[in-house]
Amino acid sequence: MNHGFQFLSDAQLREELNRCIYCEEKPCQAACPADCSPADFIMAARVGGRADFRRSAAAILGANPLGGVCGAVCPDSFCMKACSRRLFDRPIEIPAVQAAIIDRAKKLGLRTPQAMPGNGKSVAVIGAGPAGLAAAGVLAQRGYRVTVFDRRRRLGGMMNLIPGFRLPSRIVRTDIDFVGGLGAIDFRLGADIGDPASLLPEFDAVIVCAGLGRPIGLGIPGADHAVPWQAFLEGPEGTPVRGKRVCVIGGGAVAVDCATTAARRGAASVELVYRRRLRDM
């Protein structure tokens with residue numbers, strides 16, 4: 001049995017597209033942190049032609065340059081929770097629909113959305129993780145010249161720590177390729193910016209999108225013997241756990257990623273220790 005990420009099949013995508021009732025008030029868009037409109041991109045893709053998928057994907061990426069990644073890993077607590085179909089039967093699988101549309105459009109030769117004419121202004125973005133790449137993608141489409149700085153030499157930041165069975169690396173790579181293909185973005189990797197204000201003489205504005213530099217410590221005796229989640233998820237194998245009993249402290253998405261990864265790597269048992277109730281995980 002394959003427990004990894006899978007795109008919707010053609011039949012599943014068709015079913016979900018046809019279930020949208022295109023609400024006048026668009027509660028799905030109001031609930032989206034990126035202000036993307038599922039009602040509109042679903043309507044754009046409903047006919048199912050090559051141009052339809054391209055137009056739909058352009059609508060997604062215009063609001064959210066990392067539309068493929070978000071489609072794969074977005075929780076059901078935003079657009080799906082607001083979907084009017086939940087009042088009739090069940091909400092539309094909006095993130096899965098989005099991921100499927102982006103994937104099909106990329107295979108069909110997704111065209112880069114038409115950017116606004118250059119406005120002569122330049123912006124520095126510190127951090128090449130999801131926040132930094134998304135900021136750069138939106139700004140570039142609005143006519144800004146963007147330079148992205150990151151202390152590491154790999155784009156993607158925390159996206160690279162989401163296990164591949166939940167977020168295939170191909171989705172991350174093609175979303176990053178889309179951002180890089182906008183043409184108005186330069187990347188300066190291996191650059192550690194200690195003082196963001198030092199960039200202002202060269203740029204009109206600076207956006208700080210720095211991620212978590214180091215894991216938050218527990219501050220309890222023996223905590224130094226625990227393996228930080230970043231180190232555990234970063235490598236293809238990370239800390240060897242085969243045949244061992246593993247305890248994961250936490251109950252959020254990262255904790256579940258660590259627990260599932262440990263089980264997949266052959267741990268003898270995995271327990272999650274969480275300070276709240278099971279339903280709050």
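Reply: Let's begin with residue classes: Ala, Val, Leu, Ile, Met, Phe, Trp, Tyr, Cys and Pro count as nonpolar, Asp, Glu, Lys and Arg as charged, and the others, Gly among them, as polar. Sorted this way, the lining of the largest cavity has 12 nonpolar residues, one polar and two charged. Please keep in mind that this is a predicted model.

Me: How large is the largest cavity, and which residues are closest to its centre?

Reply: Its volume is about 110 Å³. Of the 15 residues lining this cavity, Cys20, Cys23, Cys28, Cys83 and Ile92 are the closest to the centre. Helix 2 (27-31) and helix 3 (38-45) are the elements that give two or more residues to the lining, and helix 3 gives the most, with three.

Me: What makes Arg19 and Asp89 a salt bridge?

Reply: The cut-off is a Lys or Arg side-chain nitrogen within 4 Å of a carboxyl oxygen of Asp or Glu. In this pair the closest N and O atoms are 3.0 Å apart, so the pair meets the cut-off of 4 Å. Arg19 lies in helix 1 (residues 10-19) and Asp89 in the loop between helix 6 (79-82) and helix 7, so the bridge ties together parts that are 70 residues apart in sequence. Arg19 and Asp89 also belong to a network of salt bridges, together with Glu15, Glu16, Arg85 and Arg90.

Me: Why is Arg19 called buried, and why is Asp89 called partly exposed?

Reply: Buried means under 20% relative accessible area, exposed means over 50%, and partly exposed is in between. Arg19 has 8%, so Arg19 counts as buried. Asp89 has 45%, so Asp89 counts as partly exposed.

Me: Where do Asp103 and Lys107 lie, and is each one buried or exposed?

Reply: Both lie in helix 7, four residues apart, about one turn of the helix. An α-helix has 3.6 residues a turn, so residues three or four places apart point the same way. Asp103 and Lys107 form a salt bridge, with their closest N and O atoms 3.3 Å apart. Asp103, at 7% relative accessibility, counts as buried, whereas Lys107, at 62%, counts as exposed.

Me: What does the salt bridge between Lys106 and Asp175 tie together?

Reply: Their side chains meet at 2.6 Å, N to O. Lys106 lies in helix 7 and Asp175 in helix 9, so the pair ties together parts that are 69 residues apart in sequence. Lys106 is partly exposed, at 22%, while Asp175 is buried, at 0%.

Me: How do you know that the span of helix 8 is close to what is expected?

Reply: Helix 8 (residues 130-141) has 12 residues and reaches 17 Å from its first C-alpha to its last, and 16 Å is expected at 1.5 Å a residue. Just after this helix, Gly143 takes a positive phi of about 95°.

Terms used:
Residues numbered from 1 in each chain as written. Predicted model: local features only at pLDDT ≥ 70, side-chain atom pairs only at ≥ 80, totals over all residues. Heavy atoms only, no water. Expected span 1.5 Å × (residues − 1). 1 Å grid on protein atoms, 1.4 Å probe; cavity = no way out; pocket = protein on both sides within 12 Å on 5 of 7 lines; lining within 4 Å. Points joined across faces, edges and corners; volume = space filled by probe spheres on them. Buried < 20%, exposed > 50% of the residue type's maximum accessible area, 1.4 Å probe, protein only.
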